[in-house]
Amino acid sequence: DFMLELGQRSGAKYTDFARMDLRCQWTNHILGALPVKDAEGDLNVFERDATGAVLIPAYCLRAMASRALPLIGKEQAVARRIAFKAVRIQGPTVKIVQHGITSPDGSGGLGLRRSEQIPAGQEFVISAHFPTSVLKGDEYVRMLKIAGEYVRLSPARSAGYGEFEVLGEAQQ
């Protein structure tokens with residue numbers, strides 16, 4: 001009986017998904033991260049969808065969540081079970097700025113770069129289905145609040161991170 005009981009125990013069961021749409025707002029500027037060439041040289045831009053809206057792919061949200069979940073005592077693997085929707089920002093104010101580049105450890109400057117920038121205060125919505133069998137609604141919100149302050153959200157792979165705050169549930 002003991003062996004049968006051990007065999008029946010397995011990893012987490014990911015069931016009972018709930019959807020939550022949360023309004024968020026960047027508390028500092030966010031930089032584009034996709035390198036392109038323009039008339040003045042190299043420029044980092046935001047990814048855009050077919051309508052021209054700034055697009056932050058779902059994998060960026062998943063990467064952010066995988067780093068934030070351990071901060072609330074949850075396994076990183078839970079992030080792979082959260083079905084994030086890509087963030088789309090219609091008509092943001094985008095300007096081109098020149099800024100310094102620092103090494104990843106912050107020890108030195110690596111020159112200057114031009115990037116598209118969205119200023120602080122821009123709102124966006126994070127929409128996801130998450131498994132309530134391992135992550136309750138209040139834990140999901142807490143994870144995003146911690147992520148916004150300590151992990152941050154990147155609009156592309158490993159660049160342009162921006163701090164954000166969760167404002168509340170989005171109107172549907």
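Predicted model: local features only at pLDDT ≥ 70, side-chain atom pairs only at ≥ 80, totals over all residues.

Colleague: How many helices and strands does the protein have, and what share of the residues is buried?

Modeller: There are three helices and eleven strands, and from the N terminus the elements follow the order α-β-β-β-β-β-α-β-β-β-β-β-α-β. Buried residues account for 41% of the 172 residues. A contact means heavy atoms within 4.5 Å. Of the contacts between residues at least 6 apart in sequence, 71% join residues at least 24 apart.

Colleague: How should I read a helix such as H2, and which of its residues are buried?

Modeller: An α-helix has 3.6 residues a turn, so residues three or four places apart point the same way. In H2, residues 58-68, the buried ones are Ala58, Cys60, Leu61, Met64, Ala65, Ser66 and Ala68. Among the elements that cover them are strand E5 (54-56), strand E10 (123-131) and helix H3 (137-151).

Colleague: At what angle do H2 and H3 cross?

Modeller: Axes are lines fitted to C-alpha atoms, for helices over the stretch in contact, and angles between N-to-C directions run from 0 to 180 degrees. The axes of H2 and H3 cross at roughly 95 degrees and come within 9 Å. Angles under 35 degrees count as roughly parallel, over 145 as roughly antiparallel, 65 to 115 as roughly perpendicular and the rest as oblique. H2 and H3 are therefore roughly perpendicular to each other. On the H2 side Met64, Ala65, Arg67 and Ala68 take part, and they meet Met143, Leu144, Ala147 and Val151 of H3. These residues divide into seven nonpolar, no polar and one charged, where Ala, Val, Leu, Ile, Met, Phe, Trp, Tyr, Cys and Pro count as nonpolar, Asp, Glu, Lys and Arg as charged, and the others, Gly among them, as polar.

Colleague: How many aromatic pairs are there?

Modeller: A pair of aromatic rings is described by the distance of the centres and the angle of the planes. Rings of Phe, Tyr and Trp (its six-membered ring) pair if their centres lie within 6.5 Å; planes under 30 degrees apart are stacked, over 60 edge-to-face, and the rest tilted. The count comes to three aromatic pairs. The ring centres of Phe130 and Tyr140 are 4.5 Å apart and their planes are at 5 degrees, so this pair is stacked. Phe130 lies in strand E10 and Tyr140 in helix H3, so the pair ties together parts ten residues apart in sequence. Both Phe130 and Tyr140 are buried. Ring pairs also link Trp26, Phe124 and Phe164 into a cluster.

Colleague: How many disulfides does the whole structure contain?

Modeller: A disulfide is a pair of cysteine sulfur atoms within 2.5 Å, and a search of the whole structure finds zero. Cys24, at 0% relative accessibility, counts as buried, and Cys60 counts as buried at 6%.

Colleague: What is the phi of Arg152?

Modeller: Most residues other than glycine have a negative phi, and most peptide bonds are trans. Arg152 has a positive phi of about 80 degrees although it is not a glycine. Arg152 lies in the loop between H3 and E11 and, at 28% relative accessibility, counts as partly exposed.

Conventions:
Residues numbered from 1 in each chain as written. Heavy atoms only, no water. Buried < 20%, exposed > 50% of the residue type's maximum accessible area, 1.4 Å probe, protein only. Helix = DSSP H or I, 4+ residues; strand = E, 2+ residues; numbered from the N terminus.
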